[in-house]
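Colleague: Could you walk me through some of the packing here, a question at a time?

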Amino acid sequence: MSSPTPTDPIPTPAGASADASSPDGAPPADSTSTGSTPTGSTPAGSPPTGGSATSATGGTSTGPTPTVTAPIPLPDRARAAVRTWFWDGLGRGRNDALTVLRAALAAALAYFVSGLVWGHEHPFFSSIVAFIIIGFGIEKKMRKVVDMAFGVMVGVLLGELARGLIGSGTWQILVTILVAGMLARFIDSSVLFGFQVSIQSLLVMIMPVTPEMTPGGRVLDALTGVSVAIIVHLLLSGDPRRLQSRAAKAFYRELEDCLASLALAARSGENAVARAALRALRNVSQKYTDQWKLANDVANEMATFSPSGLRHADDVGRLAHLLIGSDRAMRNMRMIARREVEFLEAVGGDAHSTLADALLAARDAVTELSNAVSHRDVDFTEARRRLRLFSSYLTPEMLLRNDEGLRPGRAGHFEGVTLTIQLRSLAIDLLQATGLTAAEAKRFLPSLVVAADGDAIGPRPLTQEMRALEPPATTEAIELLITDRSDPSRHS
């Protein structure tokens, strides 16, 4: 079957680029609007690609001149690396400033309380335990408290038993640490628990027994540090939604960057740009998903046990639910990037500005999702409006013609239809992330019921039977879904 010829112009939804094709199927008059000349196509008035033509100065052109890129000088790379390290460090310090302050406060209070309550002159172990529990970064504290307290007690008891049976010395330390480590791994898989059992056994073996440094005193100091740390954490943990919002914004920023790169690849026809976006997404996408999952767990713990977090429990649940659809969208993006690579390769690098506009509409929707999670009152109305615009592009008739109005050949058509289906799946994932059901999300998508007439592909006129099979969604019905503010957990 031969490749189709240009026929009807591409319908352009509101907000889309109107220069993808002209009414007669010819290339747009202003070829510079696409950012570059599509590979494999010849603009009006230009000689065929690969042929020779005499230039205005009398020279002979043998085709496009390849762009030569020089490597970045080493001093420039070094300055860029130092600049990146500096700003990343400032970001980490700004994000963890309150956590470090809580850890320092917990260590000082634990030291003070142990000296006051137990009369220990130098209760340094109490401060160590408190600081370790608060720690750096985001993590669940309740499990850490249990691991720390139980590990200290098991380690001290094991160390005292070993010193009473075999004494203290070099080979005794070897045997005791070996037994403590293996016993800890047998009891529980927690790394912190294993560290505490082993370290406490070691301390018992190497430190002399003094009136101030007895096994019972170390246990009391450890329990004091644990108690003070958990009280400080629960009372001063702040808004649990902040952790989720920070993780969600980083997650969506990665989605935005990928969609922007894929839009650039579609508009320019550069297959290498799409490949670079695919590699970047494969390298980091799971990291951002894991960070958001951990933030949800920590926020749920804070909303359950912290007095200051209880009032935010509903919003915490809503933001946690948002990850379900967003995680599917991230997984889908890897498939979309791969399909775009194959599509651009199949069409020979032709530019597809309408596809680029669709991807930018998806990026705008993701930006609105990120803005929604940043506000105290989580509202997905604007995100759903953006997703409705994105969904209006998602038919093969809209996306598969290049900037000259030409449809792809058989191989390009297959890859393009597959890409379209993946983009429709992305729209459903993001709509479900806002709290809609799958059935409700599908109502935003244009119909894919089509008829084939030789090489031509177009929408089939809706008959009465087809309306019964796939009733069109009314504007009023879609608007009700867009403005729905009910709790998304009703669908989970």
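Predicted model: local features only at pLDDT ≥ 70, side-chain atom pairs only at ≥ 80, totals over all residues.

Colleague: Let's start with the rings. How many aromatic pairs does a search of the whole structure find?

Modeller: A pair of aromatic rings is described by the distance of the centres and the angle of the planes. Searching the whole structure on that basis gives a total of five.

Colleague: Is the pair of F251 and Y252 stacked or edge-to-face?

Modeller: The centres of F251 and Y252 are 5.6 Å apart, and the planes make an angle of 85°. Planes over 60 degrees apart fall in one class, so the pair F251 and Y252 is edge-to-face.

Colleague: Y252 and W292 also pair up. Which helices does that pair tie together?

Modeller: Here the ring centres are 5.6 Å apart with the planes at 75°, so this pair is edge-to-face. The two residues are 40 apart in sequence. Y252 belongs to residues 240–268 and W292 to residues 271–305, so the helices tied together are α7 and α8.

Colleague: Is W292 buried or exposed?

Modeller: The cut-off for burial is under 20% relative accessible area. W292 has 0% relative accessibility, so the answer is buried.

Colleague: And which residues make up the cluster linked by ring pairs?

Modeller: Y252 pairs with F251, and Y252 pairs with W292 as well. Both F251 and Y252 are buried. Linked by these ring pairs, the cluster consists of F251, Y252 and W292.

Colleague: On to the helices. Are α7 and α9 roughly parallel or roughly antiparallel?

Modeller: Helix α9 spans residues 313–346, and its axis comes within 10 Å of that of α7. The axes cross at roughly 20°, and the crossing is left-handed. Angles under 35 degrees settle the class, so α7 and α9 are roughly parallel.

Colleague: How many residues of the contact of α7 with α9 are nonpolar?

Modeller: The residues of this contact include two polar and five charged ones. The nonpolar residues number 18.

Colleague: Last one: what separates the C-alpha atoms of T367 and L255?

Modeller: T367 sits in helix α10, residues 353–374, and at 25% relative accessibility it counts as partly exposed. Along the chain, T367 and L255 are 112 residues apart. Their C-alpha atoms are separated by 9.1 Å.

Methods: Residues numbered from 1 in each chain as written. Heavy atoms only, no water. Phe/Tyr/Trp six-rings, centres within 6.5 Å; stacked < 30°, edge-to-face > 60°. Buried < 20%, exposed > 50% of the residue type's maximum accessible area, 1.4 Å probe, protein only. Helix = DSSP H or I, 4+ residues; strand = E, 2+ residues; numbered from the N terminus. Axes fitted to C-alpha atoms, helices over the stretch in contact; angles between N-to-C directions. Parallel < 35°, antiparallel > 145°, perpendicular 65-115°, else oblique. Left-handed = near helix turned anticlockwise from the far one by under 90°. Nonpolar A, V, L, I, M, F, W, Y, C, P; charged D, E, K, R; others polar.
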